[in-house]
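Try each task yourself before you read its solution.

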Amino acid sequence: MNAKESLKNALSGSIREEIESLVTLFNLTEQEELELVKAEADLQRAKEDSVRNRMDIDRLLSVDKGQRRKEFIKEFRRIMKSYYSSPIDYSSFNEKDQKRAKVSVSLEDISLGFGKCPCPVDGEKTRCCKLKTLDVITQCAFSCSYCSVQAFYNQNKINVVKNLKDKLNSLSLDESIWHIGTGQASDSLFLADDYNTITDLSEFAAKHPNIVIELKSKSGRSDIFNKKWPRNLIFTWSLNAETAIENEERGTAKLIERLNAAEKARDNGSLVGFHIHPMIYFKGWQDEYYKVAKELEKRFSADDILMISSGTLIFTKENLRFIRESGMNTKILQMEKTLSAGKYTYPFEIKKEMFSHLFSSFSRSFISSVFTYLCLEDPQLWLPVLGREYQSDREFESDMKRSYLKKINLT
């Protein structure tokens, strides 16, 4: 079954009938039909009116027969461009009560090795920090609409690496490995230390004090902060606007719960970090992201924080297809899908506006004392947004390493 038919089968029967009718009435090509199917999928996921209900079909059918197809496509693209370019309106979209996925957890004898930072095009169209990934857990029970993790792993099962301590000790390290992230294939704190993963990682961190191990989470669990952890084991939280969390990050902790957990980590002597990512373009985004910045600054000093990063929505073709066929209700696909560095994201100017607003929401004295960066983003955004830029990945990585190790080694 080709991509078009697979996606059509994921739509409701009434929408499929509307598509077939429009294809026949306006003699659409295969490519035009695929474009229509993708648009209908985006609208159905968002619980919005169909394409047909947005168009004056009778008027289009009155057009000269030789021009009907052309006029239909022109009007269809105009309507969808207006829809995609508008900020998302969540006012009548109530998905706040959706729960986390039901999953089982098991220890598995999985091989352990380092992966690469998921930048779209290494060193070419993004500025990459060269993070090494380490998947000690795979799959997640949270149900974030935009996430690619559930598309790649068994959806009903979280796998935890068995005999992690021994596997960590057998890893081959070289001088290029200094920053390791564990939150790319799962949520680093969802299971806390239930399976001894954080204890094993902390022992590894203690043996290698010049290596930074970063745990990233949307969880509110804080029961692990009743014991001390090595200073180079960094606890970070992915943050978002409350509207985005409620509607698109289903099953995750609320913003205040994540910040409360981060405060407990800080009070326990650990450095913390924050990834305000992915920023979403919705009605009211300015006020809500401003509040995120101000809440951070109210609760934490610059000395408490190792880094603050940000980024926007980024989708692969496979990710888009998974969301469209998933059956979930989401407005996350209401965006101008601009191709950048091999993936689909917001247009440059929208990203510039959002990032600039976010970082300018912090006081200058606070944000200048925290290492900030843009994740998976165009290097041309750095100077207008952050007031600095790097000419190469190596320069970026070197500055990050210097800043991280300096703050970690402070006593």
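**Exercise 1.** Find the residues in contact with tryptophan 237, leaving aside its neighbours within four places in sequence.

*Solution.* Start with the rule: contact means heavy atoms within 4.5 Å. Tryptophan 237 is then in contact with Leu189, Ser217, Ser219, Phe225, Arg258, Ala261, Ala262, Ala265, Val272, Gly273, Phe274 and His275. This is a predicted model, where local features need pLDDT of at least 70, side-chain atom pairs count only at pLDDT 80 or more, and totals for chains, interfaces and linings use all residues. Residues are numbered from 1 along each chain as its sequence is written, and side-chain values use heavy atoms, with hydrogens and water left out.

**Exercise 2.** Find the salt bridge partner of glutamate 32, and say which helices the pair ties together.

*Solution.* First, recall that a salt bridge is a side-chain nitrogen of Lys or Arg within 4 Å of a carboxyl oxygen of Asp or Glu. Next, look at arginine 69: its closest N–O distance to glutamate 32 is 2.7 Å. Glutamate 32 sits in helix α3 (residues 30-45) and arginine 69 in helix α5 (residues 65-85), so the bridge ties together parts 37 residues apart in sequence. Helices here are DSSP runs (H or I, at least four residues), numbered from the N terminus.

**Exercise 3.** Are arginine 324 and aspartate 42 buried or exposed?

*Solution.* Buried means under 20% relative accessible area, exposed over 50%, and partly exposed in between (1.4 Å probe, protein chains only). Both arginine 324 and aspartate 42 are buried. Their side chains meet in a salt bridge of 2.8 Å, N to O.

Notes:
Helices (H or I, at least four residues) and strands (E, at least two) are DSSP runs, numbered from the N terminus.
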